[in-house]
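This briefing covers helix packing, a pocket and some backbone details. Please look over the sequence and the structure before reading on.

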Amino acid sequence: MNFLFFSVHWADVVAEKLIEKGNEHTLATAITPSGPIHVGNLREVITTEAIYRALKDKGAEAKLIFIADTFDPLRKVYPFLSKEYEKYVGMPISDIPCPCGKHKNYAEHFLEPFIETMDELGINAIIYRAHEIYKKGAYNETIKTALDKADEIREILNTISGRNLPSSWMPFNIKCKKCGKMNGEIYKYDYPYAYYKCKCGYEGKADLRIGGIGKLPWRVDWPARWKIFNVTFEAFGKDHAASGGSWETGREISRKVFGYSPPMPLVYEFIHLKGRGAMHGSTGLAVATDEIIKAISPEVLRFLFMKYEPYRHIEFDPGMELLDLADEYGRYERAYFGIEEGKIKEAKRVYELSQPYGIKGNAPSVISYRHLAIIAQIAKNFGEAKKIIERSGIAIRNEEKLKERYEKVIYWLKNYAPEEIKFEVKKEMPEIELSEKEKKFLILLNKKFEELDWNAEKIHSTIHETAKISGISSRKAFQCIYKIILGKKNGPRAGYFLQSLGKEFIIKRINDAINLNHKA
Ligand SMILES: [Zn+2]
Ligand SMILES: [Zn+2]
């Protein structure tokens, strides 16, 4: 179902459904910071945040919580880690040293840049770190319940997920006193004590009244936190939603073991890195959120998720398609401010929800990212870029925003732009040879240019006309122009390009080209 065509945004549809159940809501979102937090992870947070905003807009009481699973053990030595990390496998990521040495621990190394990005995206969540929640004893009651009802949990997991857990299995892993790994298996439970045996050989006794001595396994931890935080809504990836998956078992455990009615679920689709597959932090096939935010404005990144329903698959391409996305955002923006008419007028809500910090005053400058990507390669700095924009007759309505976009485009050009979009304007006339026909064309073109009102469309049509009169093909004519400016046969769309370079520069360059070839 495409909600856009009904002009009701998906976030409002979900919010309405939640309000039917009650007026107070806690929306939970969680990520394990065991590797770079990527754009795929971001979908969960942004999707939930949009519903949170929609709830508040409708007058409901809503809370948005973000739980960083900092108490999860390191599963393996990921490709981005050094071999030294072998010895930490099994330890909670909040106990492991950070890879760069600048952060408090391993988890913070990945969490901190993500929290900064959330801030830039205007995501205002209450942030919890799982190891701290455990340590404070917030889980203590649910841990006791889980251990008291271990048989029921085992039965649910065996029946629904098709596991074959032995009768000795207990739903709590103890952090071994000796090796610090989450490998302590309980062999005797006698509240308040748990007797455990670790894979390292250590045997010990843990006091369950003390917080942070161990962790519930994921499938039990998840429903436990619904109860602890009173969660009424949670979005999750389709891996959890699979038959026999953690949602199905969690739902049962929540009801039967913890006596808590499970939250309203929303299953979102994965984000694929175009042509390469689903993003996974553990394989390195991912674009980190704090990385992509340097190449695109936060509202454009939000727009990607606001435009598509969460159930829609997204192929993410940080290359050329990022510019397309930015330009599509621009169309929504112009429609929002009534600068441009169009069907997308219906989707005003998409634009609203894409703003990190609400809509401020006037419409930002109308210059497209695509155009900006050309100007950024011509100008030496922002001041010069501004002059080029003004010269081309585009009003700069919001200089701060324009500067931000300019800087993002520069980063994009350096890191993600495909080669074919990159160019360098030669400071001096490049050493190239021109044919008689080409020379004739340039001489005629300069005469016409001298008289011309310098705008992109007129420049474009003048090149076409002149080529025709000079007896060369339009293709050759454009190639000739690119050659004398860039020293290669192709370049950005000629009209805008020449306009941006300025009339004076172009006329001089064409003269240089004619003169250089006279001497030769
Ligand atoms: Zn670090
Ligand atoms: Zn141990």
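Which helix gives the most to the lining of the second largest pocket? Helix 12 does, with four residues. This is a predicted model, in which local features need pLDDT of at least 70 and side-chain atom pairs count only at pLDDT 80 or more, while totals for chains, interfaces and linings use all residues. Residues are numbered from 1 along each chain as its sequence is written, chains are lettered from A and ligands numbered from 1 in the order in which they are written, and side-chain values use heavy atoms, with hydrogens and water left out. Helices (H or I, at least four residues) and strands (E, at least two) are DSSP runs, numbered from the N terminus.

**The second largest pocket**

- The second largest pocket holds about 540 Å³ of space; a volume is the space filled by probe spheres set on grid points, which are joined across faces, edges and corners.
- On a 1 Å grid over the protein atoms alone, where a 1.4 Å probe fits, a pocket is an open set of points with protein on both sides within 12 Å along at least five of seven lines, and lining residues have an atom within 4 Å of a point.
- Its lining has 18 residues, and S368, R370, H371, R493 and Y496 lie nearest the centre.
- Helix 12 (320-336) and helix 14 (369-378) each supply at least two residues of this lining.
- By class, the lining has nine nonpolar, three polar and six charged residues; Ala, Val, Leu, Ile, Met, Phe, Trp, Tyr, Cys and Pro count as nonpolar, Asp, Glu, Lys and Arg as charged, and the others, Gly among them, as polar.

**Helix 11 and helix 12**

- Helix 11 (residues 298-307) packs on helix 12 at an angle of about 80°, and their axes are 10 Å apart; axes are lines fitted to C-alpha atoms, for helices over the stretch in contact, and angles run from 0 to 180 degrees between N-to-C directions.
- Helix 11 is therefore roughly perpendicular to helix 12, a term for angles of 65 to 115 degrees.
- In helix 11, E299, V300, F303, L304 and K307 meet L325, A326, E328, Y329 and Y332 of helix 12; contact means heavy atoms within 4.5 Å.
- This contact has seven nonpolar, no polar and three charged residues.

**Helix 15 and helix 16**

- Helix 15 (residues 382-391) and helix 16 (residues 399-415) pack with an angle of about 115° and axes 11 Å apart.
- F382, A385, K386 and I389 of helix 15 make the contact with E399, L402, K403 and Y406 of helix 16.
- R391 is also found in helix 15, and it touches Q499, S500, L501 and G502, not counting residues up to four places away in sequence.

**Backbone details**

- Most residues other than glycine have a negative phi, and most peptide bonds are trans.
- Y191 and P192 are joined by a cis peptide bond, with omega about 10°.
- N230 is not a glycine, yet has a positive phi of about 60°.

Note on methods
Parallel < 35°, antiparallel > 145°, perpendicular 65-115°, else oblique.
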